[in-house]
Amino acid sequence: MSRGTLIAGNWKMHETVPEAEQLIQALLPRVSSLDGVEIAICPPYTALAPMVDSARGSRVAIFAQNMHESERGAFTGEVSASMLVDLGVGGVIVGHSERRAFFGETDSRLAQKLPAALAAGLVPILCVGESEAQRAAGETEAHLRAQLEADFAAIEPARYAEVVVAYEPIWAIGTGRVATPEQAQEAVSFIRQVLAETSAAGAAQARLLYGGSVTADNAKELLALDDVDGALVGGASLSAESFATICAAARQ
Ligand code: PGA
């Protein structure tokens with residue numbers, strides 16, 4: 001089954017508006033002919049509206065890096081799904097390991113964020129992944145299963161296909177220590193298997209990404225893996241040239 005390929009660039013807390021403008025202007029011509037590859041960039045909140053404007057009519061979608069699960073309310077500093085939709089944002093990363101580690105993101109919040117994103121019409125990219133200690137202790141699969149079961153708890157099986165899951169081993173994020181193709185394939189096919197226990201059709205259609213030290217040099221090998229339908233790219237998405245090379249590698 002062809003699931004389509006998604007390459008998403010997570011800019012994290014990088015790029016002022018003028019810097020973001022420079023980056024996207026360098027990126028757009030480099031990816032304009034890459035038919036068949038879905039491309040998203042995830043700028044910080046402050047650059048979302050200008051990036052939506054700059055990307056209009058291009059093949060690049062604009063996603064956010066986080067959202068609050070409630071529609072509105074007394075939640076200082078937070079942004080809701082409908083506020084993102086209002087700007088023209090098409091999707092949102094939820095449960096990134098940096099949010100889980102530094103900002104107290106919990107699985108029970110994620111169980112609310114996922115249905116809220118879907119209800120608003122956003123494509124959620126849910127991040128899951130084990131720490132180095134968990135991998136060393138042989139707990140990778142148990143951890144992935146626990147995260148998936150908790151985070152998907154309130155999603156109707158009929159909507160599984162709409163959730164993108166990014167497998168991001170924490171030890172590979174920002175470290176230059178990319179997972180081996182075997183490690184990536186094993187974990188991603190395990191994720192598909194866990195989803196299939198609840199929705200076989202949804203699991204077959206859901207796009208599963210690999211993330212963690214993806215570069216222009218290693219992307220081709222990772223994107224060729226059977227169960228890997230794309231990549232979530234951090235550091236390398238801050239260079240238009242590297243990110244465009246990764247997007248081109250998805251068109252194999
Ligand atoms: P990295 O980050 O590509 O810089 O390792 C990936 C991510 O955090 O999504």
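Entry 1: I began with G174, where a polar backbone atom lies 2.6 Å from an oxygen atom of the ligand. I then asked how much of the ligand the protein buries. Taken alone the ligand exposes 280 Å², and the protein buries 95% of that. These accessible areas come from the Shrake-Rupley method with a 1.4 Å probe, and for residues only the protein chains shown count as cover.

A note on the source before I go on. This is a predicted model, in which local features need pLDDT of at least 70 and side-chain atom pairs count only at pLDDT 80 or more, while totals for chains, interfaces and linings use all residues. Residues are numbered from 1 along each chain as its sequence is written, and side-chain values use heavy atoms, with hydrogens and water left out.

Back to the ligand. Which residues come nearest to the ligand? Of the 13 residues around the ligand, I noted K12, H96, E168, G174 and S213 as those that come nearest. Near here means that a heavy atom of the residue lies within 4 Å of the molecule. A polar side-chain atom of K12 lies 2.7 Å from an oxygen atom of the ligand. For E168, too, I read 2.7 Å from a polar side-chain atom to a ligand oxygen atom.

I also looked up the site itself. The ligand sits in the second largest pocket. A pocket is found on a 1 Å grid over the protein atoms alone: it is an open set of points where a 1.4 Å probe fits, with protein on both sides within 12 Å along at least five of seven lines. Sitting in it means that more than half of the molecule's atoms lie within 2 Å of its grid points.

**Entry 2: two backbone angles.** I checked phi for K12 and found it near 50°, a positive value in a residue other than glycine. K12 is placed in the loop between β1 and α1. Helices (H or I, at least four residues) and strands (E, at least two) are DSSP runs, numbered from the N terminus. Phi of S213 is near 60°, again positive in a residue other than glycine. S213 lies in the loop between β7 and α10. Is S213 buried or exposed? S213 is buried, because its relative accessible area is 16% and buried means under 20% (exposed is over 50%, partly exposed in between; 1.4 Å probe, protein chains only).

**Entry 3: R207.** I found R207 in the loop between α9 (200-205) and β7 (208-211). R207 is buried, with a relative accessible area of 12%. What does its side chain meet? The side chain of R207 makes a polar contact of 2.8 Å with the side chain of E38. A polar contact is a pair of N or O atoms within 3.5 Å; within protein, one must be able to donate a hydrogen and the other to accept it, and residues adjacent in sequence count only if both atoms are side-chain atoms. Beyond four places in sequence, R207 touches residues including R3, V123, V164 and D229. Contact means heavy atoms within 4.5 Å.

**Entry 4: N66.** Next I looked in the loop between β3 (60-64) and α3 (81-87), where N66 lies. N66 is buried at 7% relative accessible area. A polar contact of 2.9 Å joins the side chains of N66 and K113. Leaving aside neighbours within four places in sequence, N66 is in contact with Y45, E78 and R99, among others.

**Entry 5: helix residues.** M51 lies in helix α2 (residues 45-55). M51 is buried, with a relative accessible area of 0%. Among the residues M51 touches, beyond four places in sequence, are W11, I24 and I62.

A120 lies in helix α5 (residues 107-120). At 27% relative accessibility, A120 counts as partly exposed. I listed A81, S82 and V85 as what A120 touches, not counting residues up to four places away in sequence.

F190 lies in helix α8 (residues 181-198) and is buried at 6%. Outside four places in sequence, F190 is in contact with E141, L144 and R145.

**Entry 6: helix α11.** Last, I asked which residues of α11 (residues 240-249) are buried. They are A240, F243, A244, I246, C247 and A249. The cover over them includes β1 (5-10), α1 (17-31) and β8 (230-233).

Technical notes: 1 Å grid on protein atoms, 1.4 Å probe; cavity = no way out; pocket = protein on both sides within 12 Å on 5 of 7 lines; lining within 4 Å.
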